[in-house]
Structures are given as C-alpha cells and as structure tokens.
Amino acid sequence: DDPDASNNDAQATVEVTSPQADLSIAMQRTGVATGTIATFRVPVRNTGPDAADNVHVTITGNVAGSPALAIPAGWACLRTAGNLHIECTRAAPMPIGTDVIRFSTVVRRTQALQLSATVSSATADQNTGNNTSTYSKP
C-alpha cells in the first residue's frame, strides 16, 4: 500500500539531437613530374560539430591505369581497373579535422583532364554543397 498516491507521477522534457557534421572535399593538383605524372591532394575535412560516421570518398576521372596512392591512417581505399576510380572508407568516425588522400596518375598530354571527388557520411551533413570537388584542365 502507498500512503500517498499523489507523488507517483513525474514528467520530464528532454531534447534529443542527432549528431551533425560538416564534411567538405577539395581536389588540388600539386605538380607534374616528367611531363606525364600528375599529383593530386584530396583534403577531406570535417568541421563538426560532431564526428562523422561511415565516411566514404569516391574519386573518379578520365585517366587510365592504377594511380600511386597515399592513404592516411584509418582509411582503406580500393582502386578498380580502367579509368580512374578510387573508393575510400574511414574505419572509425572522422573527428573534426582534415585527412588528405594523395594520388599520382599518368596523364596524356593530348587529353582534357576531368576529375571528381565526392564525400558522404551516415551522419547528417549541415552543408552538402561542399561535398563534391572537380578538377578540369583542357
């Protein structure tokens, strides 16, 4: 028996928020060696406010062959045969900061160069307008 049933109920208001991140990506050409090897930096940035889960980067282009690839710690990348196609994923959530994927590839002087890089995540992104970067050179 409860001698005072008037104090058996309570209410609380709790605000539930989902994690949010702001991912961005860039494609930067850093040099040409021997006239045929182009080197690129692909900075992947999270400006927060939270870590981004299941970050995925796709790099594509109209150059053939398997590029030399430098992968930052915590990332895994796969290259497919044919035209440039690199798929990278980050094993752990990406904290606020920048990771840089680097690659070098052979470029024929007779072709226009068209490259694209895209980043996505399972975490809500506050600004998807900066999730794709392109590089074009006639």
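**Close-up views of a predicted model**

**View 1. T60 stands opposite H85 in β8.** The model shown here and in the other views is predicted. The strands in this view are β5, residues 56-64, and β8, residues 83-90. β5 and β8 pair in the antiparallel sense, and six bridges connect them.

**View 2. Five strands form an open sheet.** Across the sheet the order reads β7-β8-β5-β10-β12. The pairing is antiparallel. At the edges are β7 (75-79) and β12 (132-137), each of which pairs on one side only. On average, neighbouring strands of this sheet are turned by 15° against each other, with direction ignored. In general, the strands of a sheet pair through backbone hydrogen bonds, and this pairing can be parallel or antiparallel.

**View 3. C77 and C88 are joined by a disulfide.** The structure holds one disulfide. The S to S distance between C77 and C88 is 2.1 Å. The link of these two cysteines is right-handed, with 110° about the S-S bond. C77 belongs to strand β7 and C88 to strand β8, so the pair ties together parts that are eleven residues apart in sequence. A disulfide is, in general, a covalent bond between the sulfur atoms of two cysteines.

View 4. Are the two cysteines buried or exposed? Both C77 and C88 are buried. Of the strands that carry them, β7 is an edge strand of the sheet, while β8 stands between β7 and β5 in the strand order.

Key: Residues are numbered from 1 along each chain as its sequence is written. This is a predicted model: local features need pLDDT of at least 70, side-chain atom pairs count only at pLDDT 80 or more; totals for chains, interfaces and linings use all residues. Side-chain values use heavy atoms; hydrogens and water are left out. Two strands pair if DSSP finds at least two bridges between them. Helices (H or I, at least four residues) and strands (E, at least two) are DSSP runs, numbered from the N terminus. Axes are lines fitted to C-alpha atoms, for helices over the stretch in contact, and angles run from 0 to 180 degrees between N-to-C directions. A disulfide is a pair of cysteine sulfur atoms within 2.5 Å. Buried means under 20% relative accessible area, exposed over 50%, partly exposed in between (1.4 Å probe, protein chains only).
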